Amino acid sequence: MKNKFKFPLVIIFIIVLILLVAGGMFILKKSKDEPSKIKVLDVIDGFSYELKENDTELKKTIFKELEKLLKSKDVNYEEYAKLLSKIFIVDVFTLDNKINKYDIGGVDFVLDSEKEKFKNIMSDTLYSYIETKNDKRKQELPEVKDISITSLQSTTVTIDSKEYLAYDINLKWSYKKDLGYDTEGKVTVIKDDNKIYVVSYNKI
């Protein structure tokens, strides 16, 4: 009777071992894919906009301007829209400081309901070939060095049957080194309560 159960127990042990090894490999791969924790230097209260230690000097400058504006008693929403569109573009198209393809720039400024869709599109397109950042990464990746607004037009946007005040903002920017990335685009933002959100980007 004892020998009757030896073979099945061995099979069960092997299956459990295989599952443990496979699970360990999956967790290891996932941990490599996910962005490493980066120190947050500043957060704008009530808006969840973060400034991180690996952000560029240009983003830091715009962030401080945005922070000052949002702490004022009477927020100028047109100016808010301009600064948000600038910091969005700088963060999205500066790839040199990104950890890997999943470290997507500009997410903080996107409408909440569109964040996951935005991240998926970016990781499959613009960010798809970014190698994990380490001592061996030799990729030439872009860093936005300056940005300006060429035009702004107020409009309305309807999302889920609700109409929002919106701004279509055309921008132009350049890089420390021209590697063939977009240099002009239109960002559309909406105002929802006291916040401005990015809802679309189109290359010009």
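This tour moves through the structure one selection at a time, beginning with the whole chain.

The model is predicted: local features need pLDDT of at least 70, side-chain atom pairs count only at pLDDT 80 or more, and totals for chains, interfaces and linings use all residues. Residues are numbered from 1 along each chain as its sequence is written, and side-chain values use heavy atoms, with hydrogens and water left out.

**The whole chain**

Display the protein as a cartoon. Its secondary structure consists of four helices and six strands; helices (H or I, at least four residues) and strands (E, at least two) are DSSP runs, numbered from the N terminus. Followed from the N terminus, the elements run α-β-β-α-α-α-β-β-β-β. Of the 204 residues, 37% count as buried. Here buried means under 20% relative accessible area, exposed over 50%, and partly exposed in between, with a 1.4 Å probe and protein chains only. Among contacts (heavy atoms within 4.5 Å) between residues at least 6 apart in sequence, 52% join residues at least 24 apart.

**Helices α2 and α3**

Select residues 57-70, which form helix α2, and residues 77-93, which form helix α3. Two packed helices are described by the angle between their axes and the distance between the axes. The axes of α2 and α3 come within 10 Å and cross at roughly 155 degrees. Such axes are lines fitted to C-alpha atoms, for helices over the stretch in contact, and angles run from 0 to 180 degrees between N-to-C directions. The two helices α2 and α3 are therefore roughly antiparallel to each other, a label for angles over 145 degrees, while those under 35 count as roughly parallel, 65 to 115 as roughly perpendicular and the rest as oblique.

Now show the side chains between them. On the α2 side, the residues making the contact include Leu 58, Ile 62 and Leu 66; on the α3 side they include Tyr 80, Leu 83 and Ile 87. By class, the contact of α2 with α3 has 11 nonpolar, no polar and five charged residues. In this scheme Ala, Val, Leu, Ile, Met, Phe, Trp, Tyr, Cys and Pro count as nonpolar, Asp, Glu, Lys and Arg as charged, and the others, Gly among them, as polar.

**Salt bridges**

Side chains of opposite charge can pair when their charged atoms come close. The structure holds 13 salt bridges, each a side-chain nitrogen of Lys or Arg within 4 Å of a carboxyl oxygen of Asp or Glu.

Select Glu 67 and Lys 71, whose side chains meet in a salt bridge at 3.7 Å, N to O. Glu 67 is buried at 9% relative accessibility, whereas Lys 71 is exposed at 60%. Both residues belong to a network of salt bridges that links Asp 42, Lys 64, Glu 67 and Lys 71.

Next select Asp 91 and Lys 98, which form a salt bridge at 3.6 Å, N to O; both residues are buried.

Continue to Glu 116 and Lys 119, whose closest N and O atoms are 2.9 Å apart in their salt bridge. These two residues lie three apart in helix α4 (residues 115-124), so about one helical turn separates them. Lys 119 is partly exposed, at 29% relative accessibility.

Select Glu 143, in the loop between α4 and β3. This residue is buried, with a relative accessible area of 18%. Leaving aside residues up to four places away in sequence, Glu 143 touches Thr 56, Thr 94, Ser 174, Tyr 175 and Lys 176.

Finish at Lys 145, in strand β3 (residues 144-159). Lys 145 is partly exposed, at 47% relative accessibility. With the same exclusion of residues up to four places away, its contacts are Leu 58, Ser 174, Tyr 175 and Lys 176. Leu 58 is 87 residues from Lys 145 in sequence, yet their C-alpha atoms are 6.6 Å apart.
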